[in-house]
Amino acid sequence: MQLNSERERKRERITNSVDETRCLASQFGKIAEPGSIFLLCGDLGTGKTAFAQGLGAGLGVEGSISSPSFSLLKEYSSGRLPFFHADLYRVGAAALADIGLEDVINCGVIAVEWADLAPLEYFEEYLLIRFTGLGPESRKLTFEPVGGMGERLLEAVLGT
Ligand SMILES: Nc1ncnc2c1ncn2[C@@H]1O[C@H](COP(=O)(O)OP(=O)(O)OP(=O)(O)O)[C@@H](O)[C@H]1O
Ligand SMILES: [Mg+2]
């Protein structure tokens, strides 16, 4: 039990600026594999889009990555792997079928904001990241891997 909770603790990071969040995310982008799925959950303004921007930067995506709120899925193809960015906040879980994520799940890297609006069983393996606001510039990121892909990503970036 003790060991477990120590492991859990190591699976949290606190960032103290938006750049720190982007920088942490870019480390995941650098080592993401085809089929890496990042489910980004947390209240408004806690840094989910910032994390997605860092992921894209780490993948080498050129240009800016903005919130996909008004399109179901944005695709960026200029990086090392195709990068797909979705946001379920306005479209809800019902739109998952329309987004066509299942068509892209194995070929690129996927980030889904407000993923907890969908049934998580929809995704087989993923790295879920919960964002919590601690103060104006500080955010807690809690990492919850499901399956080997999430474990590999965490091991590589957090060393745990
Ligand atoms: N440590 C931090 N990490 C990330 N963002 C931060 C941090 N500190 C301050 N911020 C600010 O918080 C805001 C985060 O906005 P962002 O759009 O990334 O949030 P979000 O979780 O995607 O929100 P939404 O649910 O509306 O999509 C930005 O204005 C950013 O500058
Ligand atoms: Mg957002």
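Author: Happy to! A term first: a crossing of two helices is called right-handed if the near helix is turned clockwise from the far one by less than a right angle. With that in hand, helix 2 passes helix 6 in a right-handed crossing. Please keep in mind that this is a predicted model.

The chain has 6 helices and 7 strands, and from the N terminus on their order is α-β-α-β-α-β-β-α-α-β-β-β-α. Its radius of gyration is 15 Å, close to the 15 Å that the globule rule gives for 160 residues, so the chain is as compact as a globular protein of that length. Along the principal axes, the C-alpha atoms fill a box of roughly 45 × 30 × 30 Å.

Now to the partner just mentioned. Helix 6 covers residues 148–158, and its axis lies 10 Å from that of helix 2, with a packing angle of about 125°. Angles of 65 to 115 degrees count as roughly perpendicular and those over 145 as roughly antiparallel, so helix 2 is oblique to helix 6. On the helix 2 side the contact is made by Gln-27, Phe-28 and Ile-31, and on the helix 6 side by Leu-153, Ala-156 and Val-157. By class, that contact divides into 5 nonpolar residues, 1 polar and no charged.

Helix 3 is another partner. The axes of helix 2 (residues 18–31) and helix 3 (residues 48–59) come within 6 Å and cross at roughly 45°. That angle makes helix 2 oblique to helix 3, and this crossing is right-handed. The contact of helix 2 with helix 3 has 10 nonpolar, 8 polar and 2 charged residues.

Finally, have a look at ligand 1. It is surrounded by 21 residues, and the closest are Thr-21, Gly-47, Lys-48, Thr-49 and Ala-50. Helix 2 and helix 3 are the elements that give two or more residues to this shell. By class, the shell around ligand 1 has 5 nonpolar, 11 polar and 5 charged residues.

Key:
Residues are numbered from 1 along each chain as its sequence is written. Chains are lettered from A and ligands numbered from 1 in the order in which they are written. This is a predicted model: local features need pLDDT of at least 70, side-chain atom pairs count only at pLDDT 80 or more; totals for chains, interfaces and linings use all residues. Axes are lines fitted to C-alpha atoms, for helices over the stretch in contact, and angles run from 0 to 180 degrees between N-to-C directions. Helices (H or I, at least four residues) and strands (E, at least two) are DSSP runs, numbered from the N terminus. Angles under 35 degrees count as roughly parallel, over 145 as roughly antiparallel, 65 to 115 as roughly perpendicular and the rest as oblique. Ala, Val, Leu, Ile, Met, Phe, Trp, Tyr, Cys and Pro count as nonpolar, Asp, Glu, Lys and Arg as charged, and the others, Gly among them, as polar. A residue is near a molecule or strand if its C-beta atom, placed from the backbone, lies within 6 Å of it. The radius of gyration is taken over C-alpha atoms; the globule rule is 2.2 Å times the number of residues to the power 0.38. Two residues are in contact if their C-beta atoms, placed from the backbone, lie within 7 Å.
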